[in-house]
Amino acid sequence: MALLKITAAVLLVCAARLGAQTKASEAQVKAVFLFNFAQFVDWPPEAVPDSQAPLVIGILGEDPFGDFLDATVRGERRGSRPFAVRRYQRVDDITRCDILFINRSAADAPEEILARLKNRPILTVSDADRFAERGGMIRFVTDRGRIRLQINPVSAEAAHLTISSKLLRVAEVITPPGR
Amino acid sequence: MALRDWPIKQKLTAMLVLISGLVLLLTSAAFAGYQYWSLRSATRDALAVRGRIIAANSTASLAFANVADAREILSALRVDRHVVAAVLYDKGGRVFAGYPAGVAGDVVPAEPGPDGYRFERGLLVGFQPVEEAGSQRLGTLYLASDLGAISDTFRLSGVRGRSRSPFWRWPRPPRPCPPARTTPCGRPSSAPTSWAP
């Protein structure tokens, strides 16, 4: 009986570790995707104060990436612009940001956040449910162990962002209701 | 009659015919050589152009780990019957997607080689970087083409005979002949069945 209990405990610990690893890997892929978005999106000239200004990837709410996003962008550049990672707890804290990941916990009611960011040239990304339909620009969808993308090009256009057709090609394009 | 007993007129005629024949042979050889090297260069340039186009279209597939899209892009190579294999490697050098789809019995390099196009063991092969303009490298494209385009042109120009021709034949390039380290290319080893991008 004792042996059975020990075996069950070991199995539970292994399962928990495996789950944690999968979760970490998923966050890592999302971090890489966030970084890669910078290559497939063009910002309006007025959003770029100078050609050397860092391209800021922001995280609103709890940070699911740990140090991985910082490690991913370290030493990388988009043209002559280096990357920088900023973390925000409130929308009001966001000063200058180019790509904003809105954590699921913060994006339970994304409409309010998106309304505050309206018309600002910020690429909004989240894994919250129906994020693209609700006015967000890009949603990460986890499907059978893969991460797919949903993109709302209308929202991006409203913020004067140009999304490359190459990015649209690999994503599911979402048209908001009523359009 | 021995050569020394030929009349001088006949000797001169024979010399002229011999020299003319020799000149003709040398000129033909030079022309064929020039044409062969020009065709090799043109074939390499044409494959490099195709490689650049495929690579430019594959950036998002690699950046966002979309194997289906990568396969679709590679499948456009079916219009070129001389392309025998094409492979996209991810940033880590793992096979991401391959062409043709049913190439399971065939082989491709296990990892990317140095960038550039070259003739190797009867094939024209090339490794093309896949990168979005001004950004970091996303992966590598491998293309392998047979040399059928060259032999076809020679055949059309009459330099290389067909099977019934009594003339000299240009050596036919062998079918896919991979570099040393190879791996089956049926299913990509880094297909995102896991989280790996």
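**Contacts and backbone features of a predicted model**

Q: Which residue forms a salt bridge with A:D93?
A: In this predicted model, A:D93 takes part in a salt bridge whose closest N and O atoms are 3.0 Å apart. Side chains of opposite charge can pair when their charged atoms come close. The partner of A:D93 is A:R90.

Q: Is A:D93 buried, partly exposed or exposed?
A: The relative accessible area of A:D93 is 31%. Burial would require a value under 20%, and exposure a value over 50%. A:D93 therefore counts as partly exposed.

Q: Which residues are linked with A:D93 in a network of salt bridges?
A: A:D93 forms a salt bridge with A:R90. This pair belongs to a network of salt bridges, in which A:D93 is linked with A:R90, A:D92 and A:R116.

Q: How many salt bridges are found over all chains?
A: The criterion is a side-chain nitrogen of Lys or Arg within 4 Å of a carboxyl oxygen of Asp or Glu. Applied over all chains, this rule gives a count of 23.

Q: What is the N to O distance between the side chains of B:D80 and B:R50, and how many residues apart are they?
A: The side chains of B:D80 and B:R50 meet in a salt bridge at 2.8 Å, N to O. The pair links distant parts of the chain: B:D80 lies in the loop between α2 (67–75) and β1 (83–89) of chain B, whereas B:R50 lies in helix α1 (residues 8–63) of chain B. The values are thus 2.8 Å and 30 residues.

Q: At what distance from the ring centre of B:F119 does B:R40 lie?
A: B:R40 lies over the face of the B:F119 ring. The distance from the ring centre is 3.8 Å.

Q: Which elements of chain B pack against the buried residues of helix α3 (residues 148–157)?
A: Chain B has three helices and seven strands, and the order from the N terminus is α-α-β-β-β-β-β-β-α-β. The buried residues of α3 are B:G148, B:I150, B:S151, B:D152 and B:F154. These residues pack against α1 and β4 (116–120) of chain B.

Q: Which residues of chain A are in contact with B:T59?
A: B:T59 is found in helix α1 of chain B and counts as buried, at 0% relative accessibility. Leaving aside neighbours within four places in sequence, its contacts in chain B are B:V130, B:E131, B:E132 and B:L138. Those in chain A are A:F40 and A:K166.

Q: Which residues are joined by a cis peptide bond?
A: Most residues other than glycine have a negative phi, and most peptide bonds are trans. The bond in question has an omega of about 0°. B:P100 lies in the loop between β2 (95–99) and β3 (107–109) of chain B, and the cis bond joins B:Y99 and B:P100.

Q: What is the phi of B:A65?
A: B:A65 lies in the loop between α1 and α2 of chain B. The residue is buried, with a relative accessible area of 12%. Its phi is positive, although the residue is other than glycine, and is near 50°.

Key:
Residues numbered from 1 in each chain as written. Chains lettered and ligands numbered in written order. Predicted model: local features only at pLDDT ≥ 70, side-chain atom pairs only at ≥ 80, totals over all residues. Heavy atoms only, no water. Buried < 20%, exposed > 50% of the residue type's maximum accessible area, 1.4 Å probe, protein only. Helix = DSSP H or I, 4+ residues; strand = E, 2+ residues; numbered from the N terminus. Lys NZ or Arg CZ within 6 Å of the ring centre and 35° of its normal. Contact = heavy atoms within 4.5 Å.
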